[in-house]
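Please keep the sequence and the 3D view side by side while reading.

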Amino acid sequence: MSPGVLPEELIIEVLSILPVKSILRFKCVCKPWESLISDPFFVQKHLHLSQKSNTHLALILCKPHVKTVCFFNDRDCYYYDRDSCVVPFSLNTLLLNPSITITILPQHRLRYKRCFRVIGSINGLLCLFNSRISLDGSDDRNTYFRFWNPATKKISQKLGSITHPNSHPYFGPDNKSNYLRFAFGYDNSSDTYKVVAFCPNEVRIFSFGDNVWKNIQRFPVVPYFRVALVRHKEQRLNEGVYLSGTVNSLAIPNFKYFWMEYEYKDFPAIDQFVIISLDLGTETYNQLLLPRDLVEVPTILPTISVLRDCLCFSYHIKTTHFAIWMMMDFGVQESWTQFLNISYAVQIDYESPRFRYDHLLYPLCLSEDDDTIILASSHEEQAFLYNWRDNRVEKTRITNHVLWMFSPNYIESLVSTC
């Protein structure tokens, strides 16, 4: 090796641990480095290291305003109930200082990307959603998606167009049996990103790359849907949680629970729920049972989430506790373990007259030392930092308007959007 020349193996190791912003600058050093950084092997190596070392949270921020109609050509318009923004943000910063102000830049605004909602975030890619409303006199509604990498600032063209005759997929259907919900996932076996569209009557999958929709066998049970409450009516929970090549949703045999909006009675009992798990590789289903001996009849929406690569089931126990169960071995019912059972007396002021109706809690993530969990709350524009070892809770004090309940996990990556 000549003096001053590093072996390629060492260059790869050094570059792969750098932030995306720095790596993109080094593409200008020389053509071999540009070729190296664009190589799929290097992209995957950097992604793998990012998954191990970086923990981020994509915060969806909103500024409420009067609904506007934006015309982009002579025929189509786009409705925005909120001027939404997505800001990649380090969780470690939040744990160290719960009182901050988040800087919002123009590139964070979904409006400039002609989208208004995030379906999900995987491997540094965000799946964005929009619905185009035709002005030609027909009742057709057309939905499309775009894939956006905030780190590289690259965004795809419009993809996955679906027409919804006589039924709007977002603002509310005329025929609720045709209502489509969406989830974002990744097929590990084929290295393919997929969007799942489903309702009680059909399931479709859009594969990024093939850029086509195809119908698969519909769900054997009815996905449990309910609009999230308080002021953010357009956001929804339980639309599909991604884990290890699968999309998972709460489901129930009874169709009447598919569409629930501002209805606080006649909840199904916990033991009626199952988790429907769609394998994105085989495009087949499994039904996962919840922990045994749960007989509670919830008055607040139960949810599923992912913490530390484990599927979690969360629900409120009467008006006293919030419980989180973890499936330690995915797909094995006997591996369900109660992770936390949090008393409202410690964690939150339960006396609010609105709490018993609309106060949802949702686990966002765990700290690196596993001592603190960040819980989103629909009751306030805050999140809770709960340290169970000290039995102590602290509220965030962020001056921005934050939709904590719908803030997907995020890591930086070099993954391409095309």
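Predicted model: local features only at pLDDT ≥ 70, side-chain atom pairs only at ≥ 80, totals over all residues.

Helices and strands are DSSP runs, numbered from the N terminus, where a helix has at least four residues and a strand at least two.

Arg218 and Arg204 are 14 residues apart along the chain, and their C-alpha atoms are separated by 8.5 Å.

**The second largest pocket**

Rolling a probe the size of a water molecule over the atoms shows where empty space is left. The second largest pocket has a volume of about 570 Å³. It is lined by 19 residues, and those closest to its centre are Val43, Leu414, Val415, Ser416 and Thr417. At least two residues of this lining come from each of helix 3 (31-38), helix 4 (40-53) and strand 13 (192-199). Helix 4 gives the most to the lining, with 3 residues. When the lining of this pocket is sorted by residue type, 9 of its residues are nonpolar, 7 are polar and 3 are charged.

**A patch on the surface**

Leu6, Leu10 and Val14 form a nonpolar patch on the surface, and together these residues have about 260 Å² of accessible area. Leu10 belongs to helix 1 (residues 8-16). With a relative accessible area of 38%, Leu10 counts as partly exposed.

**Charged pairs**

Side chains of opposite charge can pair when their charged atoms come close. In this model, the count comes to 9 salt bridges, taking a side-chain nitrogen of Lys or Arg within 4 Å of a carboxyl oxygen of Asp or Glu as the rule.

| Salt bridge | Distance, N to O |
|---|---|
| Glu13 and Lys45 | 3.1 Å |
| Lys194 and Asp187 | 3.5 Å |
| Glu394 and Arg397 | 3.8 Å |

Are Lys194 and Asp187 buried or exposed? Both of these residues are buried, and their side chains meet in a salt bridge (3.5 Å, N to O). For the pair formed by Glu394 and Arg397, Glu394 counts as partly exposed at 26% relative accessibility, and Arg397 counts as partly exposed at 43%. Besides such pairs, there is also a network, in which salt bridges that share partners join Asp187, Lys194, Lys214 and Glu283.

**Residues with a positive phi**

Glu283, a member of that network, has a positive phi of about 55° although it is not a glycine. Glu283 lies in the loop between strand 21 (274-279) and strand 22 (284-289), and at 14% relative accessibility it counts as buried. Asn391 is another residue other than glycine with a positive phi, here near 55°. The place of Asn391 is in the loop between strand 29 (383-387) and strand 30 (392-395), where Asn391 counts as partly exposed at 44% relative accessibility.

**Two further places in the chain**

Glu334 is found in the loop between strand 25 (321-327) and strand 26 (336-343). Why does Glu334 count as exposed? Its relative accessible area is 59%, and exposed means over 50%. Glu334 and Leu289 are 45 residues apart along the chain, while their C-alpha atoms are separated by 9.5 Å.

Ser377, in turn, lies in strand 28 (residues 372-377). At 5% relative accessibility, Ser377 counts as buried, since buried means under 20% relative accessible area. Ser377 and Pro363 are 14 residues apart in sequence, and the distance between them in space is 9.1 Å, C-alpha to C-alpha.

Technical notes. Residues numbered from 1 in each chain as written. Heavy atoms only, no water. 1 Å grid on protein atoms, 1.4 Å probe; cavity = no way out; pocket = protein on both sides within 12 Å on 5 of 7 lines; lining within 4 Å. Points joined across faces, edges and corners; volume = space filled by probe spheres on them. Nonpolar A, V, L, I, M, F, W, Y, C, P; charged D, E, K, R; others polar. Patch = residues over 30% accessible without salt bridge, like charges linked within 9 Å, V, L, I, M, F, W, Y side chains within 5 Å. Areas by Shrake-Rupley, 256 points an atom, 1.4 Å probe, with all protein chains shown as cover. Buried < 20%, exposed > 50% of the residue type's maximum accessible area, 1.4 Å probe, protein only.
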